[in-house]
Amino acid sequence: MNDVHSLKAALAPIAAGRASARIEDGRASIVLDVTGLGKAAGEELEADVRRVAQGVAGVREVRVLLTSERRARRLIAVASGKGGVGKSTIAANLAIALAKRGRRVGLVDADIYGPSQTRLLGVDGIRPESREKTLLPVPTRFGVPLLSMGGLVPEGQAIAWRGSMAGGALGQMVDADWGDAELLILDLPPGTGDLQLTMVQKHKPAGAVIVSTPQDLALIDATRAIDLFNKVDVPIIGVIENMAGYVCPHCGEVSDPFGSGGAEAAAAKMGLPFLGRVPLELAIRTASDAGEPPAAGNGPQAETFASLAAQLDGWLTANGG
Ligand SMILES: Nc1ncnc2c1ncn2[C@@H]1O[C@H](COP(=O)(O)OP(=O)(O)OP(=O)(O)O)[C@@H](O)[C@H]1O
């Protein structure tokens with residue numbers, strides 16, 4: 001076997017289909033395709049390839065060139081005009097329902113005022129590690145890796161974090177080692193101030209989902225959120241009405257403490273798609289508090305989120321795959 005064949009044979013078990021190699025005057029040049037591997041795994045593979053190549057007879061020097069098809073990772077913002085409407089709950093469950101459909105999804109919790117995703121996804125207290133200044137998202141049981149401001153903002157310092165620090169931390173989270181995730185769901189801080197505008201301007205999500213309760217007041221705020229995205233030319237994928245209709249945990253009867261249909265009517269008036277409604281249900285709150293997102297289960301709530309995710313999926317396909 002000549003040297004280049006020995007080199008190829010040595011590389012095959014660890015980098016089959018990813019490496020092409022040649023040797024000239026004892027110098028091995030290897031082009032390694034690390035598409036979809038993520039930074040850490042790509043570097044690990046590069047080190048393995050280097051080590052193996054150095055052990056091949058006739059090789060004095062090894063050069064490895066990494067290539068990767070640039071994968072466009074899309075950001076979908078989940079926003080609300082005011083706090084407490086269930087934006088984080090919807091964001092977490094949408095991410096899980098999309099993962100169930102086969103999308104490779106990560107979740108970014110940018111809500112510095114009330115970062116709740118670590119609790120919702122059952123990874124409270126687990127801090128993300130970092131490798132060479134790149135954050136490694138925390139894996140969750142639901143197939144959706146997570147990075148949260150919760151792990152970065154010192155508790156009780158949200159106010160001091162307004163502005164540039166929050167912007168910097170969000171940049172670090174978006175540019176983290178998301179591996180082959182094609183989609184990041186971005187749980188924005190509630191409201192429509194400068195902080196939200198800067199975040200949206202800088203990271204330019206592919207689209208936005210607006211969460212509102214059926215109440216009039218929340219709808220006025222939701223309209224402001226819609227205006228914010230319009231201002232920066234980010235398309236609104238649609239509006240979700242949360243806490244619509246109270247389902248009695250005892251008899252299953254549905255009543256409408258906050259009214260119903262308001263968000264749908266408002267969406268229609270603004271010419272925006274209405275994605276659906278999520279009822280106000282004790283089971284959603286208790287499951288969420290326990291780190292068991294309903295979308296991960298098999299109950300009726302899982303169906304509600306599956307249907308929302310199907311529409312989001314349709315939008316993603318229609319807008320670039
Ligand atoms: N459809 C629902 N049925 C019952 N409880 C819900 C529902 N949606 C959200 N909740 C509960 O309402 C509370 C607020 O929800 P969540 O934290 O998701 O809101 P938010 O809009 O993200 O708030 P914040 O502004 O604090 O980020 C939580 O206790 C959550 O479990």
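Visitor: How many helices and strands are there in the protein?

Guide: There are ten helices and 13 strands. Helices here are DSSP runs of H or I with at least four residues, strands are E runs of at least two, and both are numbered from the N terminus. This is a predicted model: local features need pLDDT of at least 70, side-chain atom pairs count only at pLDDT 80 or more, and totals for chains, interfaces and linings use all residues. Residues are numbered from 1 along each chain as its sequence is written.

Visitor: What span does the C-alpha trace have along its principal axes?

Guide: About 80 × 40 × 40 Å.

Visitor: How is the protein divided into domains?

Guide: Domain 1 covers 3–67 and domain 2 covers 74–318. The bounds come from an automatic or database domain assignment. Taken over C-alpha atoms, the two centres are 42 Å apart. Four residues of domain 1 are in contact with seven of domain 2. In contact means that the C-beta atoms, placed from the backbone, lie within 7 Å. The side of domain 1 that touches domain 2 has one nonpolar, two polar and one charged residue. Ala, Val, Leu, Ile, Met, Phe, Trp, Tyr, Cys and Pro count as nonpolar, Asp, Glu, Lys and Arg as charged, and the others, Gly among them, as polar.

Visitor: Why is M243 called buried?

Guide: M243 has 25 C-beta neighbours inside 10 Å, so it counts as buried. The cut-offs: buried needs 20 or more other C-beta atoms within 10 Å of the residue's own, exposed means 12 or fewer, and partly exposed is in between, with C-beta atoms placed from the backbone. M243 is found in strand β11. Its phi is near 65°, a positive value in a residue other than glycine.

Visitor: What makes D233 buried or exposed?

Guide: Its count is 8 C-beta neighbours inside 10 Å, so D233 is exposed. D233 lies in the loop between α7 (216–231) and β11. Its phi is positive, about 60°, although D233 is not a glycine.

Visitor: Which class does G291 fall into, and why?

Guide: G291 has 16 C-beta neighbours inside 10 Å, so it counts as partly exposed. G291 is found in the loop between α9 and α10 (300–318). Beyond neighbours within four places in sequence, G291 is in contact with R119, L120, L121 and G122. G291 and L120 are 171 residues apart in sequence and 4.5 Å apart in space, C-alpha to C-alpha.

Visitor: How do you know that the buried residues of α6 are on the same side?

Guide: In α6 (residues 194–203), L195, Q196, M199, V200 and H203 are buried. They cover an arc of only 125° around the axis, which puts them on the same side of α6. The arc is that of the directions from the helix axis to the C-beta atoms. D194 and K202, on the other side of α6, are exposed. K204 follows α6 and has a positive phi, near 40°.

Visitor: What makes a set of residues a nonpolar core?

Guide: The members are buried Ala, Val, Leu, Ile, Met, Phe, Trp, Tyr and Cys residues, joined through C-beta atoms within 7 Å. The largest nonpolar core has 73 residues, and those with the most contacts inside it are V78, L94, A95, I185 and I210. α3 gives the most to this core, with nine residues. A second, separate core of 17 residues includes A21, A28, L45 and V49.

Visitor: What share of the protein is buried?

Guide: Buried residues make up 43% of the 321 residues.

Visitor: How many residues surround the ligand, and what puts a residue near it?

Guide: 20 residues surround the ligand; the closest are G83, G86, S88, T89 and G114. A residue is near a molecule if its C-beta atom, placed from the backbone, lies within 6 Å of it. By class, the shell has six nonpolar, ten polar and four charged residues. α3 (87–100), β11 (236–247), β13 (274–281) and α9 (282–289) each supply at least two residues of the shell.

Notes
Two residues are in contact if their C-beta atoms, placed from the backbone, lie within 7 Å.
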